[in-house]
Structure formats: structure tokens, C-alpha cells
Amino acid sequence: MFDPETNAAAGTATSGAEITITGENESGWFRVETPVIADQSGNWDATELADYWAGGWTQAHIADDDGDRTVAWPAGPPPEPQIRGNPEADYIEGWNFDVGTSVVVEVTGMGAAFSSTAIVEDHGWAGVFGLWTTDESFDLLPGHTVTVTGTSAEASATKELLVEELTFDTFDPVGNVVAGTAASGTEVRVNGGNDSYDFEEFATADEFGDWSINLGDIGFDLTFDMGGEASIDDEDGDSTVARSPEWASFIVNEAHDFIHGSGFGVGAPIAFAINDGVADVYSGTTTTDDEGNFGIGVEFDIGPGHIVTVTGPEGTKDLVVDLLRFDTYDPEGNFAAGTATSGALISVYGENEAGWFRVDLTADTSGAWEVSGDEVDFWVDGWTHVRIRDVDGDSTLDWEPAPATIQVDPTTDSVVGQEFEAGTTVRIEIDRGGLVYSGTAIVETGPWGGWTGFGVDLAFDILPGDRVTVTGTTVFKAVVVQALTFDEYDPSLNTAAGTAPAHTWLSVYGDGPLGGFELEVQADSGGNWTASGADFPAAGEGWMVVALFDADGDSTAVQPPYPEP
């Protein structure tokens, strides 16, 4: 039963099940924070637990331990599928199609003849697909007609969109203005904001094809942590969309001595420097990738008070680095804490089961900060960052502490550990029906700070079935070595193969000529695995491993059989 007019919602489920209610109402996305429990008869009632809205959507779901869900929608007609095309990004997406099915995406008009398929994935609130046409060397343009054919509520569904002329050229937090272009006389819907504040306004392109909105006229203040989207909607709700332009900004992780920038233009030369308040003490150069981003770990201990400058084609930006550390993170207990510059305004944000979250708080006079309880809903499988942003959008940032892990390579008889306490001694032991090896290793700090770990080659033959344990001052880790091999490798063809326990999933990852890559492959019933589809490195060009992880992140891993030099 569902009646948004009286805020009534009820249904049935397995007795004792915890039901989560989510949806969209006139205020935006909502989630009933306390799960509803089905009674002994299997009935549940969420009446007046949220402000339901007939113009939005509502769903109930039961989640298992690893986040998979059983979902129910209110009785009544299913929501109609919608599609959107972004000609600037060459991207087509849609939702409200049946989860797990395949949709056919076709683009025609102006001599175009594009056809592809996409899988509809479960995003919790709907079945969603997304397709980058650039992956198949096709340029989506205004004037093209996009047709998507699939199923919705197990019935055939076809949607059609004529891609319109639309750009989103200006997103100016200083002038509080958003602007772009469209065909003269076209109505453009513009929305934007962040996790706390948002807006939706309409503008009409003038005789020159320009549209703009001064958000100061409605009392809304744009800030550098916001984004936006412009759209032109057709009669049945499909849209041509354009995302707001990304302004150049960068972050500094002083705990890990890392600098990352975005919005500087594709293939742009970047110069950066670190100043101690008197003179530059470190500098370097890099180049942005094909999305306008760069990231570099510097061989220098960045600290609070350092001034980091980044210079790109459009000018120079600078940031005075704050003290900011993410010391404790317990997503299951919904608790995070750390240290920061005294009195600093801090944002804790990330991804959880409901989507995105953000909590703003202020470090106390001693510099301590913490988030707990009802303030936030962390997620074990998500991610969390903490940030202090300056006035023009650059930030000091830290990410959640990584758990300690160990990795064993039985082909090289090596044991590697990460995120153990620096400067301490760990004990490494191997059990094979009894203790057969015992040794120690020193935990060191990485070459540019932040990373702590150890790596040792043992004078001992590690075999599949061995149980390797590492005991630190506060951490104990164990992994059973698996029968994993890397037998065939041809970087010229980007192919790899080996053996593993039947049906196990493996991670093939590394760094090649085109950057980092990660593939998930599964061994077949005979225990054979193969991998392709990434730019694998030849000897000396990078690194690569195949790994079989256990439940808490420890792994057996082996390297390619590179030819002897």
C-alpha cells in the first residue's frame, strides 16, 4: 500500500527483516534512517516516516551483508524509462530499464549509423545504463537521433531523443553566474549545488543563442565545491544535457606527500613548487592526462605551512597547506577522527550505500575533529575523504586510513606488508602443519612519506597451503598461500594466462605504458585463467601482478614470467 497524499506506506516481507525506505520528494533525495522491521506476520509499516511525494519515487529494499538488495516499488504503473544524451561528453545514459538486461543503443541522422549495446545495472533506485560513444570512435552531435530499445517491467520499451544544441560554458562562483548556449528561443533547465544546497532555474536562449542566470537574483551563492547541469527536455522527459565546466583546482595530501589537480586542460604542461615561506624548496613538472588531470607523489615531506603553487596554461594557483590527518576510521561503528589546524572548517565526505554524503564540522582548539553516530552513515565498501578548502577551491585533503595487508609470492618466496607501524619490527612465521619458519622484518616509511611497510625475500621455499602470519605491535595478519601461477605472457599482444583454484576470481593489475590498469578475471572449471584488454608492460616498462585476495584483503600474488635478460 502506498498513498503519498496521506504519507502512508506499508507492505510485507520476511518476518524480522530490516526494510530501508528511500526515495525522492519535493525536498530532494531522502532515506528513512531507522530501518522498518517486519513483524511476526511479515507486515511492515512506514506510514509518516517520510514526506512521500506523488511526483517523485519511493522504494523499499532489504540489503544483505555485502550490499546486494531485494527491492520493491509501490504498486501501480512502473516509472517510464528515460534517456539522456550529452554531445560534449559523447555519453548516452538511461534509467528505469529492467536490471540485468541489455539495451540496444542506435544513433541515426546526418549520415550517422551507430549501434551498440549496454547492460542495465542495479543502482538501487533504478536500473541504469551508460555508454561512452567515444569507446567506439563515434562523435555524438546535435542533430543526431538517439534510439534506445530495451525492456521495462518486462515489457518492450523504446525511447527516442533528438540531440539539441547545448553548452554549459560558465560556472562562476565569484560572479555567481551560470551561462551557456542553445538554439535561439530554447528553454534550458539548469540545476546545481552540493550535498547541502541546490537550485533549479530556467533560462531561455536569446536571439544570439546565449543563456545565463545570475543566481544572486534568487539569493543563491555558488561555491567552489558545487557542480551543475544544463538540460533541454523533450515532451516525454528525455533530455539533451551538458555538465558545468570544471574549474582548475588541486589538492595536497600532506600526510602522503601527494598532489593531484584537475580542470587544467588535456595534455597541459604543469609546473609545481613547494615553498617554505622563504624560498622554493622543491619543484617539478608533469603533464595532464586525457581528462585534464594530473597526480604525482613528490619526494619531499610536505608539511603544514608549506605553500604549494601549481602553474598551468591558464595561470597559477596556490595553497597554504593545513595540518590535516585522518587518524581513526571505523566504518562499521560509524566513527572517524583525526587532527587538523585548530579551528579549521573541515568537510568529511564520500560514498555510502545511499550515494554521496558530506558532513561539515570545525576542528576544536586542540585541532581534534571527529564524526560519529547519527551524523554520518559510513560504508565498508565505500570511501571517505576529509578536506579543508581555501577560498578559490584548492584543498588540503587526506583519505581514510588503509587497513594493514600482507601479500605473499610463492614464486619469489617474498612477503610484503603495508600499513604497519613505521619503525617497528614485525615477526613473520610460516605454518605447515607446524612451525617451519620464523623471522623478522623492519617496517619502513616510503620514499616520500605516508606509505609504511616492509618487503623481504625469505631464504625459505614457500609452498601453496602454507599459512603465513605477520605479527606487528598492534596488528596480526594471516593468509593461506594459494596455488597460483603466471605461465604465459605476451605484452606485444596484451595477453596473459596461468592457473588458480577452479572458479576463483583474480585481480590482474599494474602500471603499463598508458598508466594504471586493473582487470577482474575468473579461473574456469579446470583452474585456468586468461587476461587481456589492458596495455600490459614489457620488462622494464612498468609492473604487473595477478593476485588472489582473501576476505580481509591479504593475498597470494605472482608476477609475469619475464624473459631472463
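Is E80 buried, exposed or partly exposed? Hold that thought for a moment, and hello everyone.

A word on the model first. This is a predicted model, where local features need pLDDT of at least 70, side-chain atom pairs count only at pLDDT 80 or more, and totals for chains, interfaces and linings use all residues. Residues are numbered from 1 along each chain as its sequence is written, and side-chain values use heavy atoms, with hydrogens and water left out.

Back to E80. With a relative accessible area of 44%, E80 is partly exposed, because that label covers the range between buried (under 20% relative accessible area) and exposed (over 50%), using a 1.4 Å probe and protein chains only.

Now, who is E80's partner? Its side chain meets that of K159 in a salt bridge, 3.1 Å from N to O. By salt bridge I mean a side-chain nitrogen of Lys or Arg within 4 Å of a carboxyl oxygen of Asp or Glu. In general, side chains of opposite charge can pair when their charged atoms come close. The structure holds 16 salt bridges. Strands here are DSSP runs of E, at least two residues, and helices are runs of H or I, at least four, numbered from the N terminus. K159 counts as buried, at 3% relative accessibility.

Let's look at another pair. The side chains of K317 and D392 form a salt bridge of 3.6 Å, N to O. K317 lies in strand 30 (residues 315-320) and D392 in the loop between strand 36 and strand 37 (395-399), so this pair ties together parts that are 75 residues apart in sequence. K317 is buried, with a relative accessible area of 13%, while D392 is partly exposed at 26%.

A further pair is D554 and K477, with a salt bridge of 3.2 Å, N to O. Both of these residues are buried. And salt bridges that share partners join E80, K159, D236 and D238 into one network.

Finally, strand 36 (residues 383-389) holds R387. What does its burial look like? R387 counts as buried, at 11% relative accessibility. Contact means heavy atoms within 4.5 Å, and R387 touches several residues beyond four places away in sequence, including D225, L324, Y349 and R358.
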